[in-house]
Amino acid sequence: MRLNVSTALANPGQSYPFQAEILIPPMVVLDDPVSFSPVRCEGEYVGSGSAVTVRAHIEGKVTSRCAKCLEPVTQDISCQADALFTPGAREGEDEYPLEGYQVDLMPYAREALLLELPMRFLCSEDCKGLCPHCGANLNTTRCSCREGDTKPNPFAALSELRIEDEEV
Ligand SMILES: [Zn+2]
Ligand SMILES: [Zn+2]
């Protein structure tokens with residue numbers, strides 16, 4: 001979603017309200033798939049010299065997978081973000097390129113929302129996760145692995161890794 005900011009560049013100091021719907025492509029974050037619903041972005045932009053500052057509230061829904069059972073989890077996500085768009089800027093550090101009279105809101109919204117991602121997604125507070133022996137989802141299945149086998153399984157972490165690989 002591109003925003004034409006020529007009026008703001010011609011009238012420095014004047015703020016212009018805007019709202020936009022932004023599509024963010026799905027991505028992989030720390031080995032987990034992350035996708036967003038179309039996000040709403042509402043705020044204002046102000047020109048100063050050859051740069052434009054965008055301040056907006058961004059909100060939508062994010063889907064990733066439960067850190068314990070690997071099932072999909074969708075939750076609300078929102079943030080308030082400021083960014084400076086200048087000619088020739090590289091993306092990052094809250095600075096983005098101003099291309100002619102246009103700013104591309106997608107990288108800005110994406111980076112702002114990525115900062116708001118939870119440390120890990122959980123389908124519920126008491127998710128039982130996967131059986132470390134057979135990989136069954138213990139929320140929906142009772143596997144036949146022996147309970148009461150309390151010896152720590154040194155391969156549990158490995159088998160979780162293997163399961164994640166198979167999911168991909
Ligand atoms: Zn879960
Ligand atoms: Zn099992």
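Residues are numbered from 1 along each chain as its sequence is written, and chains are lettered from A and ligands numbered from 1 in the order in which they are written. Because the model is predicted, local features need pLDDT of at least 70 and side-chain atom pairs count only at pLDDT 80 or more, while totals for chains, interfaces and linings use all residues; side-chain values use heavy atoms, with hydrogens and water left out.

The protein contains 3 helices and 9 strands. Helices (H or I, at least four residues) and strands (E, at least two) are DSSP runs, numbered from the N terminus. Read from the N terminus, the order of elements is β-α-β-β-β-β-β-β-β-β-α-α. Of the contacts in the protein with a separation of 6 or more, 57% are between residues 24 or more positions apart; contact means heavy atoms within 4.5 Å. The protein exposes about 10,500 Å², and carbon and sulfur atoms supply 50% of that area. Accessible areas come from the Shrake-Rupley method with a 1.4 Å probe, and for residues only the protein chains shown count as cover.

Of the 168 residues in the protein, 36% are buried. Buried means under 20% relative accessible area, exposed over 50%, and partly exposed in between (1.4 Å probe, protein chains only). The largest nonpolar core has 42 residues, and Phe36, Ile58 and Tyr108 touch the most other members. Such a core is a set of buried Ala, Val, Leu, Ile, Met, Phe, Trp, Tyr and Cys residues joined through side-chain atoms within 4.5 Å. Two or more residues come from each of α1 (6-10), β2, β4 (32-36), β5, β6 (51-65), β7 (72-86), β8 and α2. Beyond its neighbours within four places in sequence, Ile58 has contacts that include Val39, Cys41, Ile77, Cys79, Tyr108, Ala112 and Leu113.

The structure holds 5 aromatic pairs. Rings of Phe, Tyr and Trp (its six-membered ring) pair if their centres lie within 6.5 Å; planes under 30 degrees apart count as stacked, over 60 as edge-to-face and the rest as tilted. Tyr16 and Tyr45 form a stacked pair, because their ring centres are 5.7 Å apart and their planes are at 25°. This pair links distant parts of the chain, with Tyr16 in strand β2 (residues 15-22) and Tyr45 in strand β5 (residues 39-48), 29 residues apart. Tyr16 is buried at 18% relative accessible area, and Tyr45 is buried at 8%. Ring pairs also join Tyr16, Phe18 and Tyr45 into a cluster.

The rings of Tyr96 and Tyr108 have centres 6.3 Å apart and planes at 80°, so this pair is edge-to-face. Tyr96 belongs to strand β8 (residues 95-99) and Tyr108 to helix α2 (residues 105-114), 12 residues apart. Both Tyr96 and Tyr108 are buried.

Next come the metal sites. Donors are N, O and S atoms within 2.8 Å of the metal (3.2 Å for Na, K and Ca); water is not among the atoms, so sites may look incomplete. The zinc ion (ligand 1) is coordinated by the SG atoms of Cys66, Cys69, Cys123 and Cys127 at 2.3 Å. Angles of 105 to 115° among its 4 donor atoms make the site tetrahedral; four donors count as tetrahedral if all angles lie between 85 and 135 degrees. The donor spacing along the chain is C-x2-C-x53-C-x3-C. Cys66 lies in the loop between β6 and β7 and Cys123 in the loop between α2 and α3, so the pair ties together parts 57 residues apart in sequence. Cys66 is buried at 0% relative accessibility, whereas Cys123 is partly exposed at 37%.

The zinc ion (ligand 2) is coordinated by the SG atoms of Cys131, Cys134, Cys143 and Cys145 at 2.3 to 2.4 Å. This site is also tetrahedral, with angles of 107 to 114°, and its donor residues are spaced C-x2-C-x8-C-x1-C. Cys134 and Cys145 both lie in the loop between α2 and α3 (156-167), 11 residues apart. Cys134 is partly exposed at 45% relative accessibility, and Cys145 is partly exposed at 24%.

Most residues other than glycine have a negative phi. Leu30, which is not a glycine, has a positive phi of about 50°, and phi of Asp31 is near 75°. Leu30 is exposed at 78% relative accessibility, and Asp31 is exposed at 61%.

Technical notes
Four donors count as tetrahedral if all angles lie between 85 and 135 degrees; four count as square planar and six as octahedral if opposite donors are over 155 degrees apart and all others between 65 and 115; anything else is irregular.
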